[in-house]
Every structure is written in C-alpha cells, then in structure tokens.
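Follow the chain through its strands, then through its charged pairs.

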Amino acid sequence: MKNSAIILTIILFLSSTRLFSQELNQSGTILISTNPLKLIYGIVNLEFEYYLSPSFSIELGSEYVLGHYIIKKEKHPDFVIRTGPRYHFFNKKEFGDKNDLYLGAFAGYFWSKEIQQQKFFNFGPEIGYKYKFDNPLLINTKIFITSPFDTLKIIPGFECMLGYSIKR
C-alpha cells in the first residue's frame with residue numbers, strides 16, 4: 001500500500017508539472033539533471049543548467065561521495081565541482097524544441113581527503129546531446145575529457161543523465 005501511494009504521488013507530480021515545463025533552447029529555461037546509476041555506488045551528482053539565450057547556457061555540476069563501502073576511495077575523489085559555458089547548435093525552430101546538440105568547456109576542482117594526487121584544478125571540453133520528452137523529463141548524454149592544470153594527463157568520461165526542465 002505504501003509503495004502504491006508513492007508511485008501514485010510521483011505520477012500525479014509528473015503529470016501536473018507538465019504545465020510548468022519549458023522546451024529546450026529558450027531563454028530562461030532551467031534544467032536539473034542527475035545520473036541515477038551513480039546513486040547505486042553511493043555518489044550523488046547534480047547538474048544545473050540555465051539558458052542565457054537559445055544559443056548559450058551556463059552549467060554548474062557537482063558530485064559528492066556518500067558511501068565508501070561500494071567503491072574504492074582510490075578510484076574516485078570525495079568531491080567534484082565544475083562550471084562552464086555551453087554553445088547550443090540546435091537553437092533555431094527548424095530543429096524543434098525537443099533536441100539539443102551542444103559543445104561546452106568547463107573548469108573545476110577534484111578533492112579527496114585520502115588521495116593527494118586527486119586534489120587539483122581541472123578543465124576540459126565536452127560534447128553532448130539532449131532529448132526532451134513531451135513532459136518535463138529529458139535525457140542528457142555527454143562525452144568529456146578532463147585534464148588537470150598541472151599535468152598533461154587526460155581523463156575521458158561519458159555520462160547519461162536524467163533531467164527535468166523548469167520555467168524561470
């Protein structure tokens with residue numbers, strides 16, 4: 001009974017918020033995204049994106065490790081934060097309001113209490129694609145390369161996130 005009530009509440013919330021959702025590539029759109037698979041590993045990650053115009057947005061993302069019992073601390077830092085601009089190629093109506101291809105750059109910081117070599121500022125490029133469903137939900141896939149400022153080492157990455165769009 002309790003699970004049925006939770007599922008019904010989620011369905012009602014998602015269906016009622018359709019009134020408040022906004023299409024991609026519009027000024028003032030706010031996106032909130034997360035990678036739900038990382039929660040299995042005890043990592044909470046959130047990404048916020050604000051569209052300044054149909055062509056440009058600013059992104060702020062972070063990760064925080066909650067549980068160290070599933071992943072080894074040598075493999076992931078305790079805290080990651082990054083921010084940067086994104087250029088959106090599908091900024092015209094002929095591409096539709098549900099698709100978005102973007103190219104971005106970011107700067108950030110990795111921090112770990114136990115691993116000295118993972119305390120560094122970093123930067124890198126990213127390319128991604130977003131698809132928005134008929135409701136406020138969207139999928140955001142991206143490929144990125146992270147590089148510390150003090151070395152020539154590169155760390156490639158791929159992420160698939162679920163997101164939610166909100167009107168400002």
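Start with strand β6, residues 120–132. Its covered face holds F120, N122, G124, E126, G128, K130 and K132. Its uncovered face holds F121, F123, P125, I127, Y129 and Y131. Strands here are DSSP runs (E, at least two residues) and helices are DSSP runs too (H or I, at least four residues), both numbered from the N terminus. The model is predicted: local features need pLDDT of at least 70, side-chain atom pairs count only at pLDDT 80 or more, and totals for chains, interfaces and linings use all residues. Residues are numbered from 1 along each chain as its sequence is written, and side-chain values use heavy atoms, with hydrogens and water left out.

Now look at the neighbours of β6. Strand β5 (residues 99–111) pairs with β6 in the antiparallel sense, over 12 bridges. Two strands pair if DSSP finds at least two bridges between them. In this pairing F106 stands opposite G124 of β6. Strand β7 (residues 137–148) also pairs with β6 in the antiparallel sense, over nine bridges. There G128 stands opposite K142 in β7. β6 and β7 form a hairpin, with four residues between them.

I127 lies in strand β6.

Strand β2 (residues 43–51) pairs with β3 in the antiparallel sense over nine bridges. In β3, E63 is the bridge partner of N45. A hairpin of four residues joins β2 to β3. Strand β4 (residues 79–88) pairs with β3 in the antiparallel sense, over nine bridges. Here T83 in β4 is the bridge partner of L60.

Stay with E63 in strand β3. It counts as buried because its relative accessibility is 12%. The side chain of E63 makes a polar contact with the side chain of K38, at 2.3 Å. A polar contact is a pair of N or O atoms within 3.5 Å; within protein, one must be able to donate a hydrogen and the other to accept it, and residues adjacent in sequence count only if both atoms are side-chain atoms.

K38 opens the next topic, the salt bridges. The count comes to 12, each a side-chain nitrogen of Lys or Arg within 4 Å of a carboxyl oxygen of Asp or Glu. K38 forms one with E159, the closest N and O atoms being 3.1 Å apart. The pair links distant parts of the chain: E159 is in strand β8 (residues 155–166), K38 is in helix α2 (residues 36–40), and they are 121 residues apart. E159 and K38 are both buried.

R86 and E49 meet in a salt bridge at 2.8 Å, N to O. This pair too links distant parts of the chain, with R86 in strand β4 and E49 in strand β2, 37 residues apart. Both side chains belong to buried residues. R86 and E49 are part of a network of salt bridges that also links E47, E59, R82, D100, E126, K130 and K142.

A further salt bridge joins D134 and K98, with the closest N and O atoms 3.3 Å apart. D134 is in the loop between β6 and β7, and K98 is in the loop between β4 and β5, 36 residues apart. K98 counts as partly exposed because its relative accessibility is 23%.

Step back to the whole chain. It has two helices and eight strands. Along the sequence the pattern is α-β-α-β-β-β-β-β-β-β. Of its 168 residues, 39% count as buried.

Terms used. Buried means under 20% relative accessible area, exposed over 50%, partly exposed in between (1.4 Å probe, protein chains only).
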